[in-house]
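I opened my notebook for a first visit to this chain.

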Amino acid sequence: MKRRTGFTLIELLVVMAIVALLASIAAPRYFKSLDKAKETALHSSLAVMRDAIDHYAADKGRYPDSLDVLVSARYLREIPEDPLAESREQWQLLPPPSDASLRGAVYDVRSGAAGRGSDGRLYADW
């Protein structure tokens, strides 16, 4: 008598249920780690640009007129991409306060991304 080899439908369904369960546990952690990585990259980009603005102001005696000035003066190699907005043009440029002794157009930079970070603050307030 010939014996048939293979898996039954029940065995396949059990295996698929186990795989689906494991995927439902791993997927939220994966996406949460992606969001955390983007937030860390945003913090780093903001720190680098703010440091470049401060160095430019200390060297030139005025704030830069745009982020492109920082690139052309070699304070930055290139304008970093906002990892949350996924664009180099979404940065929000803040002018210096009216009582500041130095002139220029860019005193601070913030993200143009909508939404809140894992700490509950708006990305635009970082």
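**Entry 1: Ser87**

I began at a side chain: that of Ser87 reaches the backbone nitrogen of Glu89 at 3.0 Å. I count a polar contact as a pair of N or O atoms within 3.5 Å; within protein, one must be able to donate a hydrogen and the other to accept it, and residues adjacent in sequence count only if both atoms are side-chain atoms. Before going on, I noted that this is a predicted model, where local features need pLDDT of at least 70 and side-chain atom pairs count only at pLDDT 80 or more, while totals for chains, interfaces and linings use all residues. I also noted that residues are numbered from 1 along each chain as its sequence is written, and that side-chain values use heavy atoms, with hydrogens and water left out.

Where does Ser87 lie? I found Ser87 in the loop between α2 (67-72) and β1 (92-94). Helices (H or I, at least four residues) and strands (E, at least two) are DSSP runs, numbered from the N terminus.

Is Ser87 buried or exposed? Ser87 is buried, as its relative accessible area is 15%. My cut-offs are under 20% relative accessible area for buried, over 50% for exposed, and partly exposed in between (1.4 Å probe, protein chains only). Not counting residues up to four places away in sequence, Ser87 touches Glu81 and Asp82; contact means heavy atoms within 4.5 Å.

**Entry 2: two positive phi values**

I stayed in the loop between α2 and β1, where I looked up Glu86. Glu86 is not a glycine, yet has a positive phi of about 55°. Its relative accessible area is 54%, so Glu86 is exposed.

Arg74 is also placed in the loop between α2 and β1. I read a phi near 70° for Arg74, a positive value in a residue other than glycine. With a relative accessible area of 71%, Arg74 is exposed.

**Entry 3: along helix α1**

Next I went to helix α1 (residues 9-60), which holds Tyr56. Tyr56 counts as buried because its relative accessibility is 9%. Which residues does Tyr56 touch, not counting those up to four places away in sequence? I listed Gly61, Arg62, Tyr63, Pro64, Val69, Leu70, Ala73 and Tyr75.

Setting aside residues up to four places away in sequence, I found Ser45 touching Pro80, Glu81 and Trp91. Glu81 was already in my notes as a residue that Ser87 touches.

I then turned to Val109 in strand β2 (residues 108-110). Val109 counts as buried, because its relative accessibility is 0%. Not counting residues up to four places away in sequence, Val109 touches Leu46, Met49, Arg50, Ile53, Trp91, Gln92 and Leu93. Ser98 is eleven residues from Val109 in sequence, and the two are 17 Å apart in space, C-alpha to C-alpha.

Leu102 sits in the loop between β1 and β2. Leu102 is partly exposed, since its relative accessible area is 23%. Leaving aside neighbours within four places in sequence, Leu102 is in contact with Ala57, Gly61, Arg62, Tyr63 and Pro96.

**Entry 4: the whole chain**

Last, I stepped back. I counted two helices and two strands, in the pattern α-α-β-β along the sequence. The radius of gyration is 25 Å, well over the 14 Å that the globule rule gives for 126 residues, so the chain is more spread out than a compact globule. That radius is taken over C-alpha atoms, and the globule rule is 2.2 Å times the number of residues to the power 0.38. Along its principal axes, the C-alpha trace spans about 95 × 30 × 20 Å.

How much of the chain is buried? Buried residues make up 24% of the 126 residues. Among contacts between residues at least 6 apart in sequence, 48% join residues at least 24 apart.
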